[in-house]
Amino acid sequence: MSNQMELIAYANRLGGSLPGLKAILDGPLAGLFSGVHLLPFFPPFDGADAGFDPVDHSEVDPRLGTWHDIAAIADGHEVMVDLIVNHVSAASPPFLDWLAHGSSSDFARMFLTYDGVFPNGATEETLMRLYRPRPGLPFSPYTLADGTKRLVWTTFTANQIDIDVREPITCDYLQKVLDRLEGAGVRRVRLDAVGYALKTPGSTSFMTPETFEFIGEITQWCRERELEVLVEVHSYYQQQVEIAKQVDRVYDFALPPLILHALTAADADPLLAWMAIRPLNAVTVLDTHDGIGVIDVGADAADRSRLGLLTPAQIDQLVETMHDNSGGTSRQATGSAAANVDLYQVNCTFYDALGADDDRYLLARALQFWTPGVPQIYYVGLFAGRNDVALLERTGVGRDINRHYYASADIEDELQRPVVQALVHLIRFRNTHPAFDGQFSVSGGGRLLLAAWRTSDAVAELRADLATGTGTVRWTAGGVMCEAPLDRLGEGIGR
């Protein structure tokens, strides 16, 4: 994995197809991104939660393209693809076969049912201990062809059927998907929803010791295929620290809310505390296809005595500030206000979470880019996108507020906006300045923060005033120290 910027994008929402996305990467976005996280392109890419319910995880939806199109993108960019570990679509052939033939189906042991996990039943206490990202219990009723009614385990939605990763047939299925990804030139896999993959009676069935063991096992499968592993888990921050010890990369999901807190409360202290303990083998993000997580900075849901990076009062204030900054539109898209698969995230573009303030948005991005790790930027964030309320109203899906569709003409217009041009200059600076291959340091407190990268002959410093939301960059160029505010960095580089 390189140290340069990467893009997160849906092919159908940025370019309309895989060839269309490649044309944008090679055209108006040429030179900006060394890698790209291709969000689900499996059939159906427009299913539950925008494609995270694959009917066939080993194929490309023909409406988007083919595996040759994936390989073409991989020829010029390091490609990451989701391995959806926890579930498949209710319309997948194996699940339909089980519905049709029950216990005589070849796939009968692939799917998790209530009595499969709790053969002796479960007490109310046991069931209430289960951790899940939405209200209620993680079961959906299904009726087999012979009239038998079964409770099927569905962590997310009734259309996403949990699979039993302990079973050989499931392991074989997942490894065949990895083979297909490797064959298309994919370099990395993102283990989606892996925290929920192991169900252990009597536990939370989320990020248990058995889960950690399975992450180690699937990581070994990937390494046998020379695939790097990124683990996707929204959870207590200490779990990210532990996961990072056994995989290639983890997400720094604590960073977005901490940067938002810093910029809305003029308080660098929680962010600085995290900088001292965070794993360095991280992928840094401010926005993704999901919402802005708050669970990642809160107390441990399983043991509230283990405090979070922010206090409950700080989290409450942060959430309300995001809603206020977005003019209330994020409130319409979050929690029970919309059809959401989780309740621990605020659905909002990062730009709107900061009140569409260009200076604060650029400073947020600079703080992300200076933080050690591999920086990824979501396609909506690249264009400093606003909340798509019209799309939310059409679909009723909360996350769609941050999943705008961009046509080619839209992209040309967006790239002319001053805030986007300044962000592009910042990306190019992050990609090319030699100091980012050196040593990192950070200091400050309260409203001020200084982050710096240094080698023996190169320096790149970011001075942030969190109260005013402004930042200044000092850097070496040809032995000369230069300085410019973030919104004029391009002019300074051009001198």
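Predicted model: local features only at pLDDT ≥ 70, side-chain atom pairs only at ≥ 80, totals over all residues.
Colleague: Let's begin with the barrel. Which strands make up the closed barrel, and in what pairing?

Modeller: Eight strands form it, in the order S1-S2-S3-S8-S9-S10-S11-S14, and the pairing is parallel. On average, neighbouring strands of this sheet are turned by 30° against each other, direction ignored.

Colleague: How do you know that S3 and S8 count as paired?

Modeller: Two strands pair if there are at least two bridges between them. Strand S3 (residues 78-84) and strand S8 (residues 188-192) run parallel and are joined by five bridges, so they meet that definition. As an example, Met80 has Arg188 in S8 as its bridge partner.

Colleague: What lies across S3, S8 and strand S9?

Modeller: That is helix H7 (residues 209-224), which runs at about 150° to S9 (228-231).

Colleague: Now the helices. Why are H14 and H18 called roughly parallel?

Modeller: Helix H14 (residues 358-370) and helix H18 (residues 418-432) pack at an angle of about 15°, with axes 10 Å apart. Angles under 35 degrees count as roughly parallel, and therefore H14 and H18 get that name. H14 passes H18 in a right-handed crossing.

Colleague: What kinds of residues make the contact of H14 with H18?

Modeller: They divide into 11 nonpolar, no polar and three charged. Among them are Leu362 and Phe369 of H14, and Leu426 and Arg430 of H18.

Colleague: What makes the pair of Trp98 and Phe111 a tilted one?

Modeller: Their ring centres are 6.3 Å apart, and the limit for a pair is within 6.5 Å. Their planes stand at 45°; under 30 degrees would count as stacked and over 60 as edge-to-face, so this pair is tilted. The structure holds 29 aromatic pairs.

Colleague: Why is this pair said to tie parts together?

Modeller: Trp98 lies in helix H3 (residues 93-101) and Phe111 in the loop between H3 and helix H4 (114-117), so the pair ties together parts that are 13 residues apart in sequence.

Colleague: And the open sheet: why do S15 and S19 stand at the edges?

Modeller: The sheet has five strands in the order S15-S16-S17-S18-S19, with antiparallel pairing. Strand S15 (439-445) and strand S19 (480-485) each have a single partner strand, so one side of each is left without a neighbour in the sheet.

Colleague: How many bridges join S15 to S16?

Modeller: Seven bridges join S15 to strand S16 (residues 448-454), and Gln439 stands opposite Arg454 in S16. H14 returns here too, lying across S15, S16, S17 and S18.

Definitions and conventions:
Residues numbered from 1 in each chain as written. Heavy atoms only, no water. Helix = DSSP H or I, 4+ residues; strand = E, 2+ residues; numbered from the N terminus. Axes fitted to C-alpha atoms, helices over the stretch in contact; angles between N-to-C directions. Contact = heavy atoms within 4.5 Å. Parallel < 35°, antiparallel > 145°, perpendicular 65-115°, else oblique. Left-handed = near helix turned anticlockwise from the far one by under 90°. Nonpolar A, V, L, I, M, F, W, Y, C, P; charged D, E, K, R; others polar. Phe/Tyr/Trp six-rings, centres within 6.5 Å; stacked < 30°, edge-to-face > 60°.
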